[in-house]
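Please have a look at the structure first.

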Amino acid sequence: MGKTLFDKIWEKHVVKHIPDGPDVLYIDRHLVHEVTSPQAFSALKAKGLKVFRPEKTFATCDHNVPTLGQDKPIADESSRRAVEQLAANTAENGITYFPLGDPGNGIVHVIGPEQGIVLCGQTVVCGDSHTATHGAFGNIAFGIGTSEVEMVMATQCLMQSKPGQVRITVNGRLAPDVTPKDVILYIISKLGTDGCTGCFVEYAGEVFSDMSMEGRMTVCNMSIEMGAKGGMVAPDETTFEYVAGRRFAPSGKELEEKIACWKTLKTDADAIFDKEYVFDAADIRPMVTYGTNPGMGVAVDGTIPDSAAGCDAATFDKALSYMGFRKGEPMTGKPVDYVFVGSCTNGRIEDFRAFAKAVGGRRKAEGVTVWLVPGSKEVERKIEEEGIGDALRAAGFQIRQPGCSACLAMNADKIPAGKYAVSTSNRNFEGRQGYGARTILAGPLVAAEAAVTGRIGIGKQ
Amino acid sequence: MDKIDIIESTAVLVPVDNIDTDQIIPARFLKTTSREGFGEKLFYDWRYDADGTPSRENPLAGQKGVILVAGNNFGCGSSREHAAWALHDAGFKAVVSSSFADIFRNNALNNCLLPVKVSEAYLEKLTAVLKEEPGTVIRIDLAAQTISAPGAGEEKFGINGYKKECLMKGYSDIDYLLADRASIIEYEARTEGVAGH
């Protein structure tokens, strides 16, 4: 029987197998941020240990940081302390750290690929569930808890049982108004928030082979929202082109040798998955969510259904009541108070290009608060370099500074209770964007329409 | 690490599907750099209104026990181990559901909090019994891998042999890995230059 892409990478990383237990899995890249690492650093210190392979570990601050006035000290005392602690811990352990304001700083899952830290065929972990993003390069990338962060720091290994495997194929071509975000929201709406629990997903088919690296990152990023440990796309020329020339990526002959090796990273024709799903690109429309989990999604021109995959009736009704929506209502035309464009899901340059293009010559709607938050300093730099910043400012928008921001509202960027926010982030859980906040997940085009009209909808692309 | 053998207790019932880690502990409480004190923040936004007054709709009100019985897909969302710390700190020793999110399950196991995965039918029966008789005592026997309660009967649950031994003896993964660094160094020497490294 043939092997999957996942099998091939996994097998290369097994240090040893424990009978009736997990595998000891070697980790190639460990990404670190300020929220899930301090307890791991302290536990390590208490054992009298230092980080075992600091050259495979990279750190940034993103969750707690303000998105305005980054040149000043962080006003919130506990956030400031968390960031200072990370600076001290990384210095003590000889870890590359991108502090606030550094040209390499940004959201951990944006800078990993952007700086060429994450390559192909690797095992990549981070104390963050959206680590799945890095699967876009053909990596086994998954989120871990702080105890596991400590294990990787101490030994560069984790104990992991091999998960099940699912392949999701989307054939055909996407319509011009359908973005990678819509593709993944569509898939999650079909499979439910626990549709792939216990499994790793491989995305296959023309839609993904035609997709840019940034689009693939958006898709893989949200694999966790259907319960998958991670998601991956086989590396191809698009991938190699993206990796070449990045700061920490290999170059010259070394890169050529790596690429020759990466070209073998494909699922064999006779490999068997535990589950297969096949979708048609023609069925995918721009999507929005109407409930309180990412599986509660519907086409923007559709109506709110009376049930959702993987959601019992009581939970479904509770979600609609939280959102202030009713079954059967159309989503198009619903008023919006806030728009957030950013996060590790949709905070990359292509997202801002798409947003700016969809805004066209129009102005920001009165009464709508719009937060445009680049995913990294590099994205911020490109926004200015390409003139997107000037165009958007002339249309009444403000570009903020990089960070996780309103995606999880750990900093000051909180949506007030009861307000509706169209958000290009990844989770619409109750209270995720602020106590009582009502989140409508969408891609950058729906966000642009909401920002200029104050309503849910999609313009002609 | 604590050890787990037999857990016998009344239960706290929250029959809601897809309880995510943002509900278990909201992100604004994750700024502290220690592992202590998260129990107070457990399900904070369910227990308190925006102004800090106790919520009248708190689903946990009046319930006591060290076993949490929840709906399907418990612990989905963020990887924050703070969710497992908060449950453990609040005194919980086991969570019963028909499915657990992968990262939460690992986090729970690493903190001596036992995730007991039962069939949907058993969870339905157990939920009905607890609604009828909130004082029902549940017994979880890790050695036998069984959960039982009067009225709901008994069911076996799965756990891999290695993890079971860890929980029963109070071992943790990091001790295992540290004791075997020689294999890791040998692996690094053997694989130098292969894809990914």
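Predicted model: local features only at pLDDT ≥ 70, side-chain atom pairs only at ≥ 80, totals over all residues.

Between domain 2 of chain A and domain 3 of chain A there are ten residue pairs in polar contact, both residues at pLDDT 80 or more, where a polar contact is a pair of N or O atoms within 3.5 Å, one able to donate a hydrogen and the other to accept it within protein, and residues adjacent in sequence count only if both atoms are side-chain atoms. Residues are numbered from 1 along each chain as its sequence is written, chains are lettered from A and ligands numbered from 1 in the order in which they are written, and side-chain values use heavy atoms, with hydrogens and water left out.

The domain bounds, from an automatic or database domain assignment, are 164-283 for domain 2 and 289-453 for domain 3 of chain A. The area buried between these two domains is about 1,600 Å², with carbon and sulfur atoms giving 53%; buried area here is the accessible area (1.4 Å probe) that two parts lose on being put together, summed over both. On the domain 2 side, A:Lys181, A:Glu214 and A:Glu225 lose the most area to domain 3 of chain A, together 32% of what that side buries.

One salt bridge is counted between the two domains, a salt bridge being a side-chain nitrogen of Lys or Arg within 4 Å of a carboxyl oxygen of Asp or Glu. The side chains of A:Arg427 and A:Glu225 meet in a salt bridge at 3.0 Å, N to O.

Over all chains, the structure holds 41 salt bridges. Among them is the pair A:Glu385 and A:Arg381, with the closest N and O atoms 2.5 Å apart, and both residues lie in helix H14 of chain A, four residues apart, about one turn of the helix; helices are DSSP runs (H or I, at least four residues), numbered from the N terminus.

By contrast, A:Glu385 counts as exposed at 57% relative accessibility.

Terms used: Helix = DSSP H or I, 4+ residues; strand = E, 2+ residues; numbered from the N terminus. Buried < 20%, exposed > 50% of the residue type's maximum accessible area, 1.4 Å probe, protein only.
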